[in-house]
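This briefing concerns a single structure, shown below. The points that follow are grouped by topic for quick reference.

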Amino acid sequence: MAAASDPVELGAPWGPARPEPPPTRFHSVHGANIRVDPSGTRATRVESFAHGVCFSREPLAPGQVFLVEIEEKELGWCGHLRLGLTALDPASLAAVPEFSLPDLVSLGHTWVFAITRHHNRVPREGRPEAEALAPSCPPALLVEPHLCIEQFRIPRDRLVGRSRPGLYSHLLDQLYELNMLPPTARRSRLGVLFCPRPDGTADMHIVINGEDMGPSARGLPAAQPLYAVVDVFASTKSVRLVQCRPCRPCAAP
C-alpha cells in the first residue's frame, strides 16, 4: 500500500500551499471509439483508428503531471499517440472531434503534439535549432531522483517506463532508464504539465520516460482551467493512467 503523500507546496510567487490534487482520471466525455474502464484510469480504442480523443476529468494544477503508460499497440496503422492541453471544458463540447490534430486544435485554446518515434525535443531559447537534433550521450535518468522543470521539482521514479518481469527484463529496464527505446513503445510513459510564468501565461511541457522535452508551447492562459488531452490514435490502442507523486518548488539557484 502506498504511503500517504504530502500536500503539494506551491510557494511564492506561485501562491500559497494548497491541498494535493485529486488522483487523475479520464473524463466521462471522450471520443466515440473510446471505452474507459470503471476505475477511470484506462482508455481503450475499441475500433477504427480515430475518434480516440480523451480528456482529464479535472483541470490540472500547476506542475501536476498527467501521465499515461502505453498498454497496447495495434499493428497496421500509421501514427502514434498525441498529447497536450486544452482550455476548453470537455463537458461544453457539442461533440468530441474525430481527431485532436487538427480538429480539436482548430476549435482554439488547445495545444496538442504528436508523439513520434524520436524525441520531441525543442531547442532552448537562444540556441540553434540544430541542438534539438544533435545526438548526445543518454542521460542516466535514475541517478537524479527528481526532475526539475522550471519552478517545479517532480519525483522521477514513476515517470520512467518499466518492462514487465521476465526473461531479459533487467536489460530492458536499463534501456528504459537510458531512454533509448522509442517513446511510442509499449510501457513507455508520457506526461504533460504546465508551468505558470510571472506574466500570467504558462509553458506546456511534455515528459517522455522521465525526460523533459522542453517547452512545447508557450503563452497558455494560466488563469484558465487547463485539461489534459490524450488522443489514443492509430497504432496506440490502449493507455492507462499512472499516478505521480506531488511536485514541490525547485530550490533557488
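Predicted model: local features only at pLDDT ≥ 70, side-chain atom pairs only at ≥ 80, totals over all residues.

Which residues does T24 touch, not counting residues up to four places away in sequence? The contacts of T24 are T41, Q64, F66, L241, V242 and Q243.

**Two positions and their contacts**

- T24 belongs to the segment that precedes β1 (34–36).
- With a relative accessible area of 8%, T24 is classed as buried, because the limit for that class is under 20%.
- L85 is part of strand β5 (residues 82–86), and its relative accessible area of 0% makes it buried.
- When neighbours within four places in sequence are left aside, the contacts of L85 include L60, H109, W111, V192, F194, M204, L220 and Y227.
- The C-alpha atoms of L85 and V230 are 8.6 Å apart, although 145 residues separate the two along the chain.

**Salt bridges**

- Side chains of opposite charge can pair when their charged atoms come close.
- The count of salt bridges in the model is twelve.
- One of them joins the side chains of R42 and E72, with an N to O distance of 2.6 Å.
- Another salt bridge is formed by E69 and R189, whose closest N and O atoms are 2.7 Å apart. The pair links distant parts of the chain, with E69 in strand β4 and R189 in strand β9 (residues 189–196), 120 residues apart.
- E69 is buried at 3% relative accessibility, and R189 is buried with a relative accessible area of 11%.
- The side chains of R245 and D157 also meet in a salt bridge, at 2.9 Å from N to O. R245 lies in the loop between β13 (236–242) and β14 (248–249), and D157 lies in the loop between β8 (152–155) and α2 (169–177), so the pair ties together parts 88 residues apart in sequence.
- R245 is partly exposed, at 35% relative accessible area, and D157 is likewise partly exposed, at 41%.
- Through shared partners, salt bridges join R42, E69, E71, E72, R187, R189 and R240 into one network.

**Strand β9 and its pairings**

- Strand β9 is mostly covered, as eight of its eight residues are buried.
- In a regular strand the side chains alternate between the two faces of the sheet.
- In β9, R189, G191, L193 and C195 point one way, while L190, V192, F194 and P196 point the other way; all are buried.
- β4 and β9 form an antiparallel pair over four bridges, and F66 stands opposite V192 of β9.
- The pairing of β9 with strand β10 (residues 201–208) is also antiparallel, and extends over seven bridges; here G191 has V207 in β10 as its bridge partner.
- Four residues lie between the strands in the hairpin of β9 and β10, where G200 takes a positive phi near 90°.

- V192 is in contact with L85 and stands opposite F66, which in turn touches T24.

Technical notes:
Residues numbered from 1 in each chain as written. Heavy atoms only, no water. Helix = DSSP H or I, 4+ residues; strand = E, 2+ residues; numbered from the N terminus. Buried < 20%, exposed > 50% of the residue type's maximum accessible area, 1.4 Å probe, protein only. Contact = heavy atoms within 4.5 Å. Salt bridge = Lys/Arg side-chain N within 4 Å of Asp/Glu carboxyl O. Pairing = 2+ DSSP bridges.
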